[in-house]
Amino acid sequence: MRGRLTGFSLEKMFKFLNAFEIDVEIRVKPKSNHNARITVV
């Protein structure tokens with residue numbers, strides 16, 4: 001995949017991660033500056 005995530009729905013990704021017993025956490029908060037961003041850790 002080389003880091004490409006196209007073609008994956010969120011639902012498919014969550015099912016895949018849960019199958020490996022990985023918890024999924026989504027946090028929504030106000031942006032801290034003028035540039036909104038998405039961070040995956």
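Biologist: Let us begin with the overall content. How many helices and strands does the protein chain have?

Modeller: The protein chain of this predicted model has one helix and zero strands. The helix is α1, covering 10-19.

Biologist: How should I judge burial, and what share of the residues is buried?

Modeller: A residue is called buried when its relative accessible area is under 20%. Of the 41 residues in the protein chain, buried residues make up 0%. The accessible surface of the chain is about 4,800 Å², and carbon and sulfur atoms account for 57% of that surface.

Biologist: Why is α1 said to lie largely in the open?

Modeller: The helix has 10 residues and the number buried among them is zero, so α1 lies largely in the open.

Biologist: How does one describe a pair of aromatic rings, and how many such pairs are found in the whole structure?

Modeller: Two values describe a pair of aromatic rings: the distance of the centres and the angle of the planes. A search of the whole structure finds one aromatic pair. The ring centres of F16 and F20 are 5.1 Å apart and the planes meet at 65°, so this pair is edge-to-face; the cut-off for that label is an angle over 60 degrees.

Biologist: Are F16 and F20 buried or exposed?

Modeller: Both F16 and F20 are exposed. Together with I22, these residues make a nonpolar surface patch of about 340 Å².

Biologist: A last point concerns E25. How far apart are E25 and F14 in sequence and in space?

Modeller: Sequence separation and spatial separation should be read side by side. E25 and F14 stand 11 residues apart in sequence, and their C-alpha atoms are 10.0 Å apart in space. E25 is in the segment after α1. Its relative accessible area is 65%, so E25 is exposed.

Definitions and conventions: Residues numbered from 1 in each chain as written. Predicted model: local features only at pLDDT ≥ 70, side-chain atom pairs only at ≥ 80, totals over all residues. Heavy atoms only, no water. Patch = residues over 30% accessible without salt bridge, like charges linked within 9 Å, V, L, I, M, F, W, Y side chains within 5 Å. Areas by Shrake-Rupley, 256 points an atom, 1.4 Å probe, with all protein chains shown as cover. Salt bridge = Lys/Arg side-chain N within 4 Å of Asp/Glu carboxyl O. Helix = DSSP H or I, 4+ residues; strand = E, 2+ residues; numbered from the N terminus. Buried < 20%, exposed > 50% of the residue type's maximum accessible area, 1.4 Å probe, protein only. Phe/Tyr/Trp six-rings, centres within 6.5 Å; stacked < 30°, edge-to-face > 60°.
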